[in-house]
Amino acid sequence: MDQNPVIIVGAGLAGLCCAKELGKRGIPVILLESHSVPGGRVRTDLVDGFQLDHGFQVLQTAYPEAAAQLNYTALQLQPFAPGALIRTRGGFVEMSDPWRRPGKLFTTLFNGVGTFSDRLRLARLRLRVSRLSDEQIQAVPDQSTRTFLLQTCGFSEDIVNRFFRPWFSGVFLEKDLATSSHYFQFLFRIFATGNASLPSEGMASIPRQLAASLPAGTLRTNTQVNSVTPREVRLTSGETLSARAVVLAVQGPEASRLSQGAIPAPGACSTTCFYFAAPKAPFSQPLLVLNGDESGPINNLSVVSNVAPSYAPAGKALISVSVVGDHAANLKQTEAAIRLQLKSWYGASTDAWSMLRAYPIHFALPAQPPGFQAAAGPLLKTANGLFTCGDSTTTASIHGAMLSGRLVARDVAMETR
Ligand SMILES: Cc1cc2nc3c(=O)[nH]c(=O)nc-3n(C[C@H](O)[C@H](O)[C@H](O)COP(=O)(O)OP(=O)(O)OC[C@H]3O[C@@H](n4cnc5c(N)ncnc54)[C@H](O)[C@@H]3O)c2cc1C
């Protein structure tokens with residue numbers, strides 16, 4: 001039997017889960033990561049006592065793969081309240097989930113966003129996604145989320161534009177709701193059945209927990225891979241490593257480069273997150289704020305420290321503002337436009353908010369147009385013999401990345417036994 005290890009390139013959630021699963025099966029593994037820490041797109045910086053995740057992101061407790069692989073208790077998850085505050089027509093209204101917060105039923109029914117019939121359609125959609133399996137959802141032709149909501153479900157333009165659009169633009173990181181309706185329905189079920197939450201020590205504690213379960217010596221950080229073949233990995237340092245199998249667990253575009261095009265490069269969905277420190281939170285609820293008006297740069301906002309107080313030092317509030325798109329080239333202008341919008345929402349007190357850091361992320365998520373799942377695979381092994389995993393091979397989420405890592409490990413174990 002080949003005594004060489006399986007080499008996994010990339011220690012994001014997919015690579016970490018792949019290494020963990022191969023380790024459980026007693027297969028020797030080396031996990032190579034170009035950065036100084038594992039986690040990939042799930043990282044957290046410590047800045048002046050604030051915990052800043054690389055872009056606003058949350059863990060959905062109902063993700064089946066996360067629930068199976070992570071110790072939620074050790075992560076000390078801090079939940080958002082179900083629902084959202086919607087900024088619309090000069091004020092804020094609450095859109096709650098009346099099944100989980102029945103006390104909010106009245107405010108949600110009469111908050112002025114959408115029609116009474118939309119409330120019935122929401123109930124129907126909730127029932128539909130909770131009853132159907134993923135296979136049943138995927139059995140009907142896929143369409144864009146916008147078409148699904150307007151035409152298939154019959155929602156009004158008003159509720160789509162002022163509620164679904166800002167909510168799911170913040171999830172898909174694209175403004176047109178052009179993403180697959182199959183994926184939308186999966187996520188709607190996840191949102192309806194679990195909590196969006198933050199680990200008290202930042203999102204980085206998720207990959208940290210996975211990395212801690214690996215045998216010592218498995219993970220090699222600060223190690224950039226230059227090129228690969230199915231049995232060999234060449235590092236930029238010049239070193240060459242032999243492998244019984246090579247798994248690419250890198251972002252879609254890098255997987256495409258390393259596989260010399262055998263893995264198609266996905267489109268990119270981008271976002272920029274601005275973090276502000278404030279002497280006082282502008283509101284006290286642990287709720288997400290959605291921009292229900294189609295004006296200004298802000299898509300969604302969160303007072304992160306209302307949800308997880310450990311994200312800010314005592315006596316300070318941490319506010320994240322998410323903008324769809326990569327604003328790296330115009331950060332100053334975007335910050336100025338955000339500040340104008342914040343002032344119109346919360347008044348002159350926002351002048352005292354100081355910008356801590358901005359995170360423009362070009363490849364935040366792979367694009368997932370209708371039909372992407374059927375087209376992608378599961379593409380876990382390329383024609384030229386390389387294995388692959390990551391969110392571009394399943395769904396663009398923590399769940400998808402973790403699931404793909406475990407599934408590819410199973411295939412590698414079977415083929416290299
Ligand atoms: C701003 C933002 C918000 C998000 N919000 C959510 C959310 O709320 N909920 C959710 O479920 N998901 C969210 N996601 C998506 C989720 O974070 C990703 O789907 C998931 O982390 C992808 O993991 P991965 O392992 O597939 O890829 P990555 O995390 O990209 O890991 C790839 C790794 O490969 C390494 N690498 C690349 N090239 C090389 C090389 N040549 N040599 C060595 N190493 C290399 C990289 O450094 C990286 O560590 C969000 C993502 C972003 C960016």
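Q: Which residue in S14 is the bridge partner of Ile8?

A: Two strands count as paired if DSSP finds at least two bridges between them. In this predicted model, local features need pLDDT of at least 70 and side-chain atom pairs count only at pLDDT 80 or more, while totals for chains, interfaces and linings use all residues. Residues are numbered from 1 along each chain as its sequence is written. Here, Val247 in S14 is the bridge partner of Ile8. The strands concerned are S1 (residues 6-9) and S14 (residues 245-248), which pair in the parallel sense over 4 bridges.

Q: In what order do the 5 strands of the open sheet stand?

A: Strands (E, at least two residues) and helices (H or I, at least four) are DSSP runs, numbered from the N terminus. The order is S10-S2-S1-S14-S20, and the pairing is parallel. S10 (219-220) and S20 (387-388) are the edge strands, each of which pairs on one side only.

Q: How many residues lie between S11 and S12 in their hairpin?

A: The two strands of this hairpin have 2 residues between them. S11 (residues 225-229) and S12 (residues 232-235) run antiparallel and are joined by 4 bridges.

Q: Which residues of H5 and H9 meet?

A: Two residues are in contact if their C-beta atoms, placed from the backbone, lie within 7 Å. From H5, Leu125, Arg126, Val129 and Ser130 meet Gln185, Phe188, Arg189 and Ala192 of H9. Ala, Val, Leu, Ile, Met, Phe, Trp, Tyr, Cys and Pro count as nonpolar, Asp, Glu, Lys and Arg as charged, and the others, Gly among them, as polar. The residues of the contact of H5 with H9 are thus divided into 4 nonpolar, 2 polar and 2 charged.

Q: Which domains does the assignment give for the protein chain?

A: Domain bounds come from an automatic or database domain assignment. The assignment gives domain 1 (6-42 + 204-266 + 371-416), domain 2 (44-79 + 197-202 + 268-366) and domain 3 (95-194). The centres of domain 1 and domain 2, taken over C-alpha atoms, are separated by 29 Å. Between these two domains, 17 residues of domain 1 are in contact with 18 residues of domain 2. On the side of domain 1 that touches domain 2, the elements giving two or more residues are H10 (205-212), H11 (252-258) and H15. H15 gives the most, with 4 residues. This side of domain 1 divides into 9 nonpolar, 6 polar and 2 charged residues.

Q: Which of the 34 residues around the ligand come nearest?

A: A residue is near a molecule if its C-beta atom, placed from the backbone, lies within 6 Å of it. Gly10, Gly12, Gly40, Gly55 and Gln57 come nearest to the ligand. The elements giving two or more residues to this shell are H1 (13-24), S19 (354-366) and H15 (398-416). The shell comprises 16 nonpolar, 14 polar and 4 charged residues. Domain 1 and domain 2 each supply at least three residues to the shell.
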